[in-house]
Each structure stands twice: as structure tokens, then as C-alpha cells.
Amino acid sequence: MSAVIFGATGGIGSAVADALEADKRFDNIIRFSRSGISPVSIDLTSEASIREAADWTRANAISPSLLFVATGLLHDDSSGPEKSMRQLDADWLLQNYQVNAVGPTLIAKHFLPLMNRSDISRFVVLSARVGSISDNRLGGWYGYRASKAALNMMIRNLAIEWSRKNDRSVILALHPGTVDTALSEPFQTNVPPGKLFDSSRAARQLLDVLERLEPAQSGRIFAWDGTEIQP
């Protein structure tokens, strides 16, 4: 079986790829990323780069059974999650949507048609509990919350449409919890003891959850411990 990982140089993405390489069921692990050793350099703001990655995958006769999108944007060198509406900035909001919602959806557009249809195939993206509208009791983090909520809706739409073409597909969003990576590093102060996961543990937890989920659960959002997150 083959697996394709997007964001394979990030903390969670690289740990997922390493865990899959240790899993003898997978004999081919493809790691796509912006940098590092990647067959095609991926820019989530460029559909052309995603299309090029799909063309490379097709040309190499790779039909993935698992596609794992481990990408995300919470902050960069100049911007971060907003604490109030006074900090809202149109360009930063659009960048959040582009990276967290549009990019993963375009990966689905180009890669779902390539996935294995002879057995269960799984397409998974990293989402976040803060993208749940019903669970939002604190406010703030406008761009990140809204872009993850949009991603969750995209996953639901993709699952509905793709089930008509492949009723053995599983399309999901997973919340990894707080993982000790560059993305969460500035926001780890108030994490409860035992709830800050290293990347390897996070990868194992996510893959364990993913293994248990079936096509009937496609289109939903699940946390690292297997509990379902309501939109």
C-alpha cells in the first residue's frame, strides 16, 4: 500500500510519515512539503504546485490508500491569532483561509481521483477543536477558528460527494490536541499537565483513531482520543 503525506517536514507530518514507514503494511511513503526532500515543492497557496504533485503521483502509477494532510497556519513572523476584533486584518484573514481551508481542499480535488478504490481509502486533514462553532465559548482567534470551521465544512462536502463515486472512502478531519511543534510553541503555557504531546505520540494517537474509523463515519471531525467533535 502507498501513503502520501503533505506537510511532511513539519512536526506532525514528519512523525506520521515515520510511523507509517515503520508500519509494514505500507511499502511506499511519499512525502510532499515546501522544502526538504520532496518530489515536488508544495505551496498551499498555489494550485499549480498541487496539480504538479498530482501529475507526478499519477505518472509514477501511485494509487494511495492513505492521504494525510498535516499542514496548517496559526502564526508567522509578523502575525498571530487575534485577541479582539480590533486586530482583524483582511490580508491575514485571507492567508488563514488560503492555507488552512483552500489548500487542503484543492489537495482533495486533485488527489481523491488518484486514490485506491479496491479497498478502504482514507483522506485525512488536520483540523482543530477551536474550529467547532458549538464549542466556542472564549472567542478570539478569529482567522484560525473561522478557517478551521471552513475546513470542517469542506471535509463534510467532500465526503458527501466522494461517497457517490467510492462508497469505501473515509474522509475526515482530526484534531491532534496540543503538540509540541513550532505551530503551538508560543501558546503552550496553559496546557494542562500530560496534554502537551510530542510529535511521535501525537502521530501514533492520530493513526490509531484513523484505523478505527469506517466509511459510515466519513465527513466528521474526531479528536486524538477518538471522541467526535461537533461542528
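Modeller: Two strands pair if DSSP finds at least two bridges between them, and the elements themselves are DSSP runs numbered from the N terminus, helices being H or I of at least four residues and strands E of at least two. The model is predicted, so local features need pLDDT of at least 70 and side-chain atom pairs 80 or more, while totals for chains, interfaces and linings use all residues. Residues are numbered from 1 along each chain as its sequence is written, and side-chain values use heavy atoms, without hydrogens or water.

Colleague: With that in hand, what is the order of the strands in the open sheet?

Modeller: The open sheet has 7 strands in the order E2-E1-E3-E4-E5-E8-E9, and its pairing is mixed. Its edges are strand E2, residues 28-32, and strand E9, residues 228-229, each of which pairs on one side only.

Colleague: How many bridges join strand E1 to E2, and do the two run parallel or antiparallel?

Modeller: Strand E1, residues 2-6, is joined to E2 by 5 bridges, and the two strands run parallel.

Colleague: Which strands does helix H1 lie across?

Modeller: Two things are needed here, contact (heavy atoms within 4.5 Å) and axes, which are lines fitted to C-alpha atoms, for helices over the stretch in contact, with angles from 0 to 180 degrees between N-to-C directions. Helix H1, residues 11-22, lies across E1, E2, strand E3 (66-69) and strand E4 (121-126), and runs at about 170° to E2. Helix H5, residues 199-212, also packs on the sheet, where it touches E3, E4, strand E5 (169-175) and strand E8 (221-223), and its direction makes about 145° with that of E5.

Colleague: How many aromatic pairs does the structure hold?

Modeller: Rings of Phe, Tyr and Trp (its six-membered ring) pair if their centres lie within 6.5 Å, and planes under 30 degrees apart count as stacked, over 60 as edge-to-face and the rest as tilted. The structure holds 7 such pairs, one of which joins phenylalanine 32 and phenylalanine 111 edge-to-face, at 6.1 Å centre to centre and with 70° between the planes. Because phenylalanine 32 lies in strand E2 and phenylalanine 111 in helix H3 (residues 90-111), this pair ties together parts that are 79 residues apart in sequence.

Colleague: Is phenylalanine 32 buried or exposed?

Modeller: Buried means under 20% relative accessible area, exposed over 50%, and partly exposed in between (1.4 Å probe, protein chains only). Phenylalanine 32 has a relative accessible area of 0% and is therefore buried, and phenylalanine 111 is buried too, at 0%. A further edge-to-face pair is formed by phenylalanine 197 and tryptophan 224, with 4.7 Å centre to centre and 65° between the planes. Phenylalanine 197 sits in strand E7 (residues 196-197) and tryptophan 224 in the loop between E8 and E9, so that this pair links distant parts of the chain, 27 residues apart. Both of these residues are buried.

Colleague: Which residues form one aromatic cluster?

Modeller: The cluster consists of Phe6, Phe32, Trp56 and Phe111.

Colleague: Where is alanine 61 found?

Modeller: Alanine 61 is in the loop between helix H2 (47-59) and E3, and has a positive phi of about 55° although it is not a glycine. With 70% relative accessibility, alanine 61 counts as exposed. Tryptophan 141, in the loop between E4 and helix H4 (142-163), likewise is not a glycine but has a positive phi, of about 50°. Tryptophan 141 counts as partly exposed, at 25% relative accessibility.
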